[in-house]
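Reader: I am new to this structure and would like to be walked through it. Could we begin with the overall picture and then look at particular residues?

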Amino acid sequence: MYQFLRALCLAAAFALPAVAQQAEIRFGGLQQDSSLPVEVTSDSLSVDQASGAALFTGNVTAKQGDMQLTAQTMRVEYTATGDGIDRLIATGNVTLVSPTDAAEAAEAVYTIASGTVVMTGDVLLTQGRAAISGQELTVNLQDGTGTMTGGVKTVFQPGETP
């Protein structure tokens, strides 16, 4: 009887949302070759030659391979030599989508050289039927790993691995 109650309590505990400060996450679907070309589309574009940046506004979509980053605005900062993109800074209803994973946040910074995306502000990540939320999600696109921090909350579906 004791073992049955213990098993029942454990099952109930795992069925409830889990809250933590940090969670390590696998992102097989967000593994990406950051040397691929980046295609950006939007409603409008303004370029600041002095700062070496471009500001895309309205329905902005940046695609690289199978990955897609969308936002209301996206600032593209070029390398010091001007021969490539250094980073993308997306703000306003930001989503990062791959064939199997999706994340949304208030802001995202994608540093091309390191292949790192840092999403901040009420981040929600969905992987299949599982969902993880927190305040900051850092994804390494090179190896498909990530870390969620800041009041992490997740719901595990019975019979699935996180």
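Predicted model: local features only at pLDDT ≥ 70, side-chain atom pairs only at ≥ 80, totals over all residues.

Reader: What pattern do they follow along the sequence?
Author: The order is α-β-β-β-β-β-β-β-β-β-β.

Reader: How many residues are there, and what percentage count as buried?
Author: The protein chain has 162 residues, of which 32% count as buried. The chain exposes about 9100 Å², and carbon and sulfur atoms supply 56% of that area.

Reader: And the contacts, what share joins residues 24 or more positions apart?
Author: Among contacts with a separation of 6 or more, 42% are between residues 24 or more positions apart.

Reader: Let us go inside. How many residues has the largest nonpolar core?
Author: That core has 28 residues, and Leu69 and Met119 are those with the most contacts inside it. At least two residues of this core come from each of β4, β5 (67-78), β6, β7 (101-111), β8 (116-127), β9 and β10.

Reader: Which strand supplies the largest share of this core?
Author: Strand β5 does, with five residues.

Reader: You mentioned Met119. What is methionine 119 in contact with, leaving aside its neighbours within four places in sequence?
Author: Methionine 119 is in contact with Val94, Leu96, Ala103, Glu104, Ala105, Glu107, Ala108, Gln135, Glu136 and Leu137.

Reader: A change of topic: how many cavities of 30 Å³ or more does a search of the whole structure find?
Author: The search finds one, and the volume of the largest cavity is about 30 Å³.

Reader: Which residues line the largest cavity?
Author: Its lining consists of Val38, Ala62, Lys63, Gln64, Met67, Leu69, Leu88 and Tyr110. Strands β4 and β5 each supply at least two residues of this lining, and β4 gives the most, with three.

Reader: Gln64 is in that list. Where is glutamine 64 placed, and is glutamine 64 buried or exposed?
Author: Glutamine 64 belongs to strand β4. Its relative accessibility is 1%, so glutamine 64 counts as buried.

Reader: What lies 2.7 Å from a polar atom of its side chain?
Author: The backbone oxygen of leucine 36 lies at that distance from the side chain of glutamine 64.

Reader: Why does asparagine 59 count as exposed?
Author: Asparagine 59 counts as exposed because its relative accessibility is 59%, and the cut-off for exposed is over 50%.

Reader: What about the phi of asparagine 93?
Author: Asparagine 93 also has a positive phi, near 50°. This residue is in strand β6, residues 85-97. Asparagine 93 is exposed, with a relative accessible area of 58%.

Reader: Is leucine 141 buried or exposed?
Author: Leucine 141 is buried, because its relative accessible area is 0%, and buried means under 20%.

Reader: How are leucine 141 and tyrosine 110 separated?
Author: Along the chain they are 31 residues apart, and their C-alpha atoms are separated by 9.8 Å.

Methods: Residues numbered from 1 in each chain as written. Heavy atoms only, no water. Buried < 20%, exposed > 50% of the residue type's maximum accessible area, 1.4 Å probe, protein only. Helix = DSSP H or I, 4+ residues; strand = E, 2+ residues; numbered from the N terminus. Contact = heavy atoms within 4.5 Å. Areas by Shrake-Rupley, 256 points an atom, 1.4 Å probe, with all protein chains shown as cover. Core = buried A, V, L, I, M, F, W, Y, C linked by side-chain atoms within 4.5 Å. Polar contact = N/O pair within 3.5 Å; in protein donor to acceptor, adjacent residues only side chain to side chain. 1 Å grid on protein atoms, 1.4 Å probe; cavity = no way out; pocket = protein on both sides within 12 Å on 5 of 7 lines; lining within 4 Å. Points joined across faces, edges and corners; volume = space filled by probe spheres on them.
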